[in-house]
Amino acid sequence: MSTCEINGTRVDFKALNVEDEMPLLWALRDELNLPGTKYGCGIAQCGACTVHIDGEAVRSCVYPIGACNGKKIVTIEGLAATNGNKLTKIQEAWIKHQVPQCGYCQSGMILAAEKLLRDKPKPTDADIDAAMTNICRCSTYVRVRAAIHDVAGTTNTRA
Amino acid sequence: MNTTNVSRREFLQTSAGATAGLVIGFNFPSSNAQSKAPATAGIAAGNVGGTSEVNAWIHITPDNRVLVKFARSEMGQGTSTSLPMMVAEELECDWSRVEISEAMYSEHIKRNRLYVTTATGGSRGTRDSASVMLNAGATARAMLVQAAAARWSVPVSECVTANSIITHTPSKRTVTYGAVAEAASKLKAPEKVALKDPKDWKLVGKPIPRIDIPDKVVGKPMYGIDVVRPGMVHAAIAQCPVFGGKVKSIDAASLAAAKRMKGVADVLDMGEYVAVVGNNWWRCNQAVKSLKVTWDEGGNGNVSSESIKKYMQEGVAKPATLAKTTGDFAKAYADAPTKLEAEFYAPYLDHAPMEPMNCTAEVKDGFVTVWVPTQSAEAAAAAAARAANVAPDKVEVYRQQLGGGFGRRGAFQDFSRQAVEIAMKVNKPVKLLWSREEDIQHGHYRPATVARLQGALDKDGKLVALSARVGVQSILERVRPEALRKTESGPVDPMATSCFDDSPYAIPNLRTEHFYAKQHVPVGFWRAVAHSQNPVFRECFMDELAARAKRDPYQFRMDLLSGTADPVRRDRGVLEAVAKGADWSKPMPANHFRGIAVQDAYGSHAASVVEIEKLANGKLKIKRVVIAVDCGHVAHADAAKAQIEGCMIYALTAALYGEITIKNGRVEQSNFHDYPMMKISETPKIVSLLVPSGGFWGGMGEPPMAPLTPALLNAIFAATGKMHRSLPLSKEGVLFA
Ligand code: FES
Ligand code: FES
């Protein structure tokens, strides 16, 4: 039985005929039509496919459906719902700092930042360096850092 | 257990519910391919559904919404905000009611290239649109005023406009744009309209929040990869690893096994590639990977990076095809007391946008529709039309959001062609997605380049002679061979010797030659194109010459920028600005070093200072980058700065790590583990200086790339005394902290 909760809704992957080996990313995208989670590399290198699984930031391109049983999964589409259907502070800061360029990496970037601030509400630049390993080919890194510091009220030593 | 099988639609609705109300003004008919709106929604030919087409670019609804046609591609540069801003500036309309709507390819073709071009490249999205957009706004405004004046029977001169409202000043009567839009749309457009003085601009240049951003923080935009069509199948492909090769055979057992794999509908031998179609892309890709394909590699199975480099080194060792000559280089060089000679190398580079190549295609009754993240609707349509053997007016293109472009999604539409080919074969809508591996191994690469430079200084240390012999494949040959310059000794691609031919420096004796290299590796328009490598050669050599002359590299350049022509003046301007911004006149702290460089590109001028620290362990740390750009007029101050930030990392990534190598005719790299990207931890401080001198519109998406790498290499030269003339630095043993 591979039953989990995705964005607050119970999903039974067995009933949907999804095999255990399929990475969560492709079940989200092609079986559940939740395309906000993106494919960038398929080998856990880029973070475009980042989702929250039981509160952890996980690269869903290498996370098999077989491991999802009993897990609570949140994707970018469900993030605001975890905050009373309002944008989270990170999402708001992303708009304020005009972070996204093409935007393709940003679902993953935002979910990685959410997790960082949950673990370390007052992150240093070293904390940001360690946690934010997502690739952004448009290079929004300067603004990602500024937006995180803005939400946390911490000092940006790289500005 | 209480388990519900939630439907796809419910998922979509739940997700959309959380974000309702956030979205303003993003009205692409293609932005949700599943929406119930007909495919033609938003295309008003004439006046449709109460919406009046005041001119090709501007449609106004009775309730005052202004729909601005967007013919370019939004890939993060902010053009979908800055172009409507120009329209709104001259139209004097309410910015909060402006929406963008896709300028459809079919309209463009049907109405005699209505939108001028649908391509986005060469940093032209803004600079070539500016006058069109400003004029469209001004023309529409004049027509609206004329319609209102006619309704009131008053002179046009007594009417003023603001915020989508026309006021007859003497009587204080008002009317909205929406109320007179239909009447205005029937008027003849004025031939000439006066445009505002740039100093009166209220919107243009301002950092207005970008229209596309709210959607992008909730995962809502529809990129090409997200398109879903009724009855659609997914497709994954494997192309011959050696460029130009084709399928010889597919092992029968592996073929039978792949066909039996879950979700696989069919395995197709497409001649030049194999394709698997099925109900989930991952399943298709697993099946493609399981196939044992024997390839006919063509004649290039022995080519390697080393063989290519050696071939080009031999090419530039002897005279090549003359591109430009002024003065008498040979004599000046022979006579000069100080000479310097250097050979530079830059490798092949792949674009690797975050969204791998993809296209969704549907072919029905001789009509082809593609949903594609493309930098050129026309190029996508041309590829689709050729593949389906139909006329260009039998194609429709829905441009999707692009998950990055950087030049990869423009002229070469291999993915669009393939999607159509597969759709025809299976007779169903097909979404083709390349794996990241296919994406990196089947690019249209920034060409590898070898440049042999010679320079001579007179007895006062002044540069009197410069020669550049550049060995590089021609990109132009692949897209517009008729534009190559023909000479007695063969063709010259003007891009090959750019940055030297048009060098702003006062060099009395200059000679440039192109060794017209031929290789099987496909080359294309990588961000900044030739301005990604030629400025490295020129500006690093300038520092080496300055060192020979025992001159400060900034002063050495300034002395040679003595002309009064606009480009020279502007190069001088950005050099001064960057030197000031980086405190060039003050010495650096202990163990800190810096380099400087300048380059004009795509109508703009850019100069950069890169500051590095030499750490005790011998590693280098990039501490700060200062960039000054003169793009004439700034279209959008914040988006311009974002482009500078983007260019900085795109260029530095290439300088530090970027290299596509060839072995046995094929690309050795395959994904981000062996084609690495800079990350946030490596991102230095950046100071972006916009120093617009006015009077022209320059590009922003590429120009800031040009001076960055040479400024970095010059900083390392200052730190170590060694000029690294070959990229990437990782191959040179230069380590960064
Ligand atoms: S797609 Fe999962 S990390 Fe890149
Ligand atoms: S915003 Fe384009 S890849 Fe990050």
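**Salt bridges and a buried helix**

E19(A), E31(A), K262(B) and R283(B) are tied together in a network of salt bridges (a salt bridge being a side-chain nitrogen of Lys or Arg within 4 Å of a carboxyl oxygen of Asp or Glu). This is a predicted model, in which local features need pLDDT of at least 70 and side-chain atom pairs count only at pLDDT 80 or more, while totals for chains, interfaces and linings use all residues. Residues are numbered from 1 along each chain as its sequence is written, chains are lettered from A in the order in which they are written, and side-chain values use heavy atoms, with hydrogens and water left out.

Searching the whole structure turns up 58 salt bridges over all chains. One of them joins the side chains of K38(A) and D226(B), at 2.8 Å from N to O. This pair crosses between chains, running from the loop between α1 and β3 (50–53) of chain A to the loop between α7 (213–216) and β8 (233–239) of chain B. (Helices are DSSP runs of H or I with at least four residues, strands runs of E with at least two, numbered from the N terminus.) K38(A) is buried, with a relative accessible area of 2%, and D226(B) counts as buried at 2%. Here buried means under 20% relative accessible area, exposed over 50%, and partly exposed in between, using a 1.4 Å probe and protein chains only.

As for helix α1 (residues 24–31) of chain A, eight of its eight residues are buried, so the helix is largely enclosed by the rest of the structure. Among these buried residues are W26(A), R29(A) and E31(A). Just after α1(A), N33(A) takes on a positive phi of about 55°.
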